[in-house]
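Welcome! Please open the structure in your viewer and keep the selection tool at hand.

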Amino acid sequence: MDVKIEQSWKNILQSEFEKEYFQNLIQFVKNEYKTQRCFPKGSDIFSAFDHCAFDDVKVVIIGQDPYHGPNQANGLCFSVHDGIPHPPSLINIFKEIETDLQKPYPTSGDLSKWAYQGVLLLNATLTVKAHQAGSHQGKGWEQFTDAVIQLLSEKKENIIFLLWGGFAKKKGAKIDKSKHVVLTTGHPSPLSANRGYWFGNKHFSKTNQLLEDMGKLPINW
């Protein structure tokens, strides 16, 4: 199938799209979207790539699954559309930004403004069945997103990878730490944050300082 995805990523990932596992994955996803209620909407599945071209990637944040409630997932990890109540993990992300950068808590949970500045907001699994967390895991998405991370690691330099929680840390195992910066902390979910594994990580100010040290524009978080 012809995957609808931003051109620079299409060029980089073309050989991945042609692999048998990916063809099977797309067939599975098409069938699920025909027969079940799934998120995000079809046109948003590759939104993380469409909002942040390969050449523009400066920072990578790795999530796990899209949100599985109605109208939440928009194809960018941790992000929701304007006007949608902020899920608990996103609330904790914004609280950390508040204290780290002394910025007011945002009204919008749409993180596309980060993506347009060079933040790849990548979920490990790009689709999910309504109200069933993890329902599209183990179907091929993880292999695809591993390939994305590996290509970024191999073909670029000085990316800042933000790995939040055990799952993201495992996902980042193939990152070449001699070429890139990896910052790790707990997951922003209430379970982790309330145990003291999230708040105070200062990842947002640290990222901006690193970007400035590299001569790059900081992110307006």
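Here is a short tour, one selection at a time.

This is a predicted model, in which local features need pLDDT of at least 70 and side-chain atom pairs count only at pLDDT 80 or more, while totals for chains, interfaces and linings use all residues. Residues are numbered from 1 along each chain as its sequence is written, and side-chain values use heavy atoms, with hydrogens and water left out.

**Stop 1: strand β5.** Select residues 160-164, strand β5 (strands are DSSP runs of E, at least two residues, and helices runs of H or I, at least four, numbered from the N terminus). Five of its five residues are buried, meaning under 20% relative accessible area with a 1.4 Å probe, protein chains only. Ile-160, Leu-162 and Trp-164 point one way, Phe-161 and Leu-163 the other. In a regular strand, side chains alternate between the two faces of the sheet.

**Stop 2: its partners.** Val-59 has Ile-160 as its bridge partner.

**Stop 3: two helices.** Which residues of α4 meet α9? Select Ile-93, Glu-96, Ile-97, Asp-100 and Leu-101 in α4; they meet His-203, Phe-204 and Ser-205 in α9 (contact is heavy atoms within 4.5 Å).

**Stop 4: Trp-114.** Finally, select Trp-114, which touches residues including Ile-93, Ile-97 and Phe-204.

Note on methods. Buried means under 20% relative accessible area, exposed over 50%, partly exposed in between (1.4 Å probe, protein chains only). Two strands pair if DSSP finds at least two bridges between them. Lists of a residue's contacts leave out its neighbours within four places in sequence.
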